[in-house]
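This report goes through selected features of one model. Have the sequence and the 3D view at hand.

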Amino acid sequence: ELSPSIPMMALTATATPKVVQDIVENLRLEQVNIFKDSFSRSNIAFKVKHTEDKLYQLKQLVNTTTGSGIVYVRSRRMALSLAAFLNDNGFSATFFHGGIPRADKEEKLNLWLKEKVRIMVATNAFGMGVDKPNVRLVMHYQIPDSLESYFQEAGRAGRDGKQATAVLLTTTEDQGTAKQQFLSNLPDVTFIKKLYSQLNNYFQIPFGEFIMETLALEFNAFCKRYELQPNKVYNALRMLDQHSVLSLSENFNERTTLQFVASKTEIFDYLKKNRSSAPIIQTILRTYGGITDHETKINLLLISKKTGQPEKNIKQILKQLQDDGIAEYKYASSDMEITFLVPREDDRTINPFAHKIKDFNAVKQQNLEAMLDYINNTKLCRSNFILKYFGEKVKDKCGTCDICNKDGGRNPEDLKERVLKLLREAPKTSRELAQSIDGEEKTVLTILQVLLEEEVIQLNHKNEYVIR
C-alpha cells in the first residue's frame with residue numbers, strides 16, 4: 001500500500017498450496033509468478049519408529065550412526081535430561097534452548113560446529129542459521145506440532161548431499177500427549193483478552209498509554225504470578241505478535257546496572273587495596289562515563305571481551321563492590337522481551353482480529369492431524385507422503401524409508417522363520433530379537449505373540465523367549 005508500483009517478492013521455506021494461496025491473497029499480490037523448488041530430499045531416509053523404550057532406541061541410533069546429530073525435543077527440561085543421558089552413556093552431547101544466555105548459546109553452537117560435541121539436544125529454538133553440512137542423524141524424540149515444522153527440522157540432515165537419516169520416535173501415549181499439548185492449550189478470544197489485560201497490569205501500563213521501550217519478561221514468573229498455563233500463554237503471545245499488538249522476542253537477556261556511590265578518593269583507595277579486581281573496575285569506569293553520577297546499564301559481554309575475564313568473574317567483583325559499599329549493583333534476567341506496538345485499549349485492541357482466532361485454532365488442529373497421519377501411515381512411502389502434503393506430484397518411491405524397506409523387505413513368514421532360527425540357537429529377549437533381525441520392535445512382538453498362542457515358544461524365568 002505504501003509503494004504500490006514497487007515489485008513485491010514473498011519468501012517462505014515450506015508452504016502447502018493453501019498457504020501459497022493465503023500469501024497471495026493477504027498481500028494482495030497481482031500478476032503473480034510462483035517459483036517453487038522441489039521438496040524432495042532423496043538422500044534422507046525418513047523413518048518412524050514405534051517403541052516403548054525411547055531411551056534405548058535413542059542410544060542405539062546414536063551408537064549406530066556416524067557424524068553429527070540433532071535430537072529435537074519439546075521442552076527445555078527434556079533437552080537437559082537427554083543431553084545428560086547421552087553424556088552418561090559415553091556420547092558427547094550438549095543442549096540448546098531459548099532460555100540460556102546468548103554467550104552460552106554461541107559457545108554450545110561452536111562446540112557442535114567444530115565437532116567437539118557430537119550430538120545437539122535442542123528445542124525448536126535451535127534452527128535459523130544452523131547449516132552444518134555433515135549432520136547424519138536428526139531425531140525427533142517428541143511429536144512436532146506440524147509437518148511443516150518436522151520437515152524443516154528433519155531437513156537439517158544431509159545438507160552435504162550424502163546419505164542421512166531422519167527418525168521420529170513415538171510411543172502409544174505420545175499422540176494423546178501431543179493433542180493435550182497443542183490443542184487443549186489453544187487460546188480463545190476470552191483468554192487472549194484476559195492475558196492482554198494482565199500483561200499491561202504486570203508492566204503497569206495505564207489505559208490509553210503507549211509505551212515505546214522494550215520490556216523484559218521473565219516468562220515463568222509471569223505465569224506463576226497469574227496462575228496461568230505456560231503453553232497456553234505462549235500460544236496467546238504468539239497470536240498477539242502475529243496480529244501486531246506486540247512484538248515478541250524469545251532471546252535470553254540479562255540486564256545489569258551499576259552506579260558507583262563512593263567518592264573518587266574512596267574508589268582510588270579501593271583500587272589500591274584490591275589490585276586483582278582493579279583492571280575490571282578501571283575498564284568499567286573508562287567505558288561508562290556517567291557511572292559515578294547515575295545508574296547505568298552495562299554490557300557484561302563487552303567488559304568480558306575488553307578484560308579477557310569470564311562474565312562469571314565480573315559478576316563476582318560487581319557483587320563484592322555492592323557488599324563493600326562502593327557501588328550499587330542490580331542484576332535481572334529475562335527469557336523474553338516484549339514491545340507493545342499499540343496503545344492499551346484492552347478489548348478494543350483484540351476485537352478487530354477476534355474472528356481470526358477461531359480460524360487460526362482450526363488450522364492448528366489440521367496441522368497436528370496431518371502430523372499424526374504421517375506417523376500412523378503404514379502404506380505410503382514417507383517421502384511421497386511429505387511431497388503430496390506440500391502439493392508436489394509424486395514420482396518414484398524413495399526406497400529408503402521404513403515403509404519402503406519394511407522390516408528389510410521381508411514378509412511376516414520370513415521374519416517368523418528368522419525368529420525361530422534365532423531362538424533355536426539360544427534364548428533371547430524381544431529386544432535382542434528385534435536388534436538381530438533389524439526389524440521393528442512392534443512387528444517382532446506381534447510375531448512372538450502368535451508363536452506364544454500357538455504354543456511354539458514360551459517365556460523362561462529370565463523373561464527370555466525359548467522353544468518349547
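## Cysteines

How many disulfides does the count come to? The model is a predicted one, and the count comes to 0 disulfides. A disulfide is a covalent bond between the sulfur atoms of two cysteines.

Take Cys404. Its nearest cysteine sulfur belongs to Cys401 and lies 3.6 Å away. The cut-off for a disulfide is 2.5 Å between the sulfur atoms, so Cys404 is in no disulfide. Cys404 is partly exposed, at a relative accessible area of 27%. Cys223, by contrast, is buried, with 2% relative accessibility.

Strand E2 covers residues 68–72. Of its 5 residues, 5 are buried, so the rest of the structure largely encloses this strand. In a regular strand the side chains alternate between the two faces of the sheet. In E2, Ser68, Ile70 and Tyr72 point one way. Gly69 and Val71 point the other way. Residues of both sets are buried.

E2 runs parallel to strand E5 (residues 135–140), and 5 bridges join the two. Here Val71 stands opposite Met139 of E5. E2 also runs parallel to strand E4 (residues 119–122), joined by 4 bridges. Tyr72 has Ala122 as its bridge partner in E4.

## The sheet E7-E12-E8

Which strands make up the open sheet with antiparallel pairing? There are 3, in the order E7-E12-E8. Strand E7 (215–217) and strand E8 (246–249) are the edges, each pairing on one side only. From one strand to the next, the twist averages 30°.

E8 and strand E12 (residues 336–340) run antiparallel and are joined by 4 bridges. Ser249 has Glu337 of E12 as its bridge partner. Helix H7 (residues 189–202) packs on this sheet and touches E7, E8 and E12. The direction of H7 makes about 100° with that of E12. Helix H9 (residues 230–242) lies across E8 and E12. H9 runs at about 125° to E8.

## Helices H11 and H13

Two packed helices are described by the angle between their axes and the distance between the axes. Helix H11 spans residues 278–287, and helix H13 spans residues 311–323. They pack at about 80°, with axes 10 Å apart. That angle makes H11 roughly perpendicular to H13.

Which residues of H11 and H13 make the contact? H11 supplies Ile280, Ile281 and Ile284. H13 supplies Ile314, Ile317, Leu318 and Leu321. By class, the contact has 7 nonpolar residues, no polar ones and no charged ones.

Is Thr256 buried or exposed? Thr256 sits in strand E9 (residues 253–260). Its relative accessibility is 1%, so Thr256 counts as buried. Leaving aside neighbours within four places in sequence, Thr256 is in contact with Thr296, Lys297, Ile298, Leu300, Leu318, Tyr329, Lys330 and Tyr331. One of these, Leu318, is also among the residues of H13 in the contact with H11.

Thr443 belongs to helix H19 (residues 441–453). Thr443 is partly exposed, with a relative accessible area of 24%. In sequence, Thr443 and His50 are 393 residues apart. In space they are 9.7 Å apart, C-alpha to C-alpha.

Methods. Residues are numbered from 1 along each chain as its sequence is written. This is a predicted model: local features need pLDDT of at least 70, side-chain atom pairs count only at pLDDT 80 or more; totals for chains, interfaces and linings use all residues. Side-chain values use heavy atoms; hydrogens and water are left out. Axes are lines fitted to C-alpha atoms, for helices over the stretch in contact, and angles run from 0 to 180 degrees between N-to-C directions. Angles under 35 degrees count as roughly parallel, over 145 as roughly antiparallel, 65 to 115 as roughly perpendicular and the rest as oblique. Contact means heavy atoms within 4.5 Å. Ala, Val, Leu, Ile, Met, Phe, Trp, Tyr, Cys and Pro count as nonpolar, Asp, Glu, Lys and Arg as charged, and the others, Gly among them, as polar. Buried means under 20% relative accessible area, exposed over 50%, partly exposed in between (1.4 Å probe, protein chains only). Two strands pair if DSSP finds at least two bridges between them.
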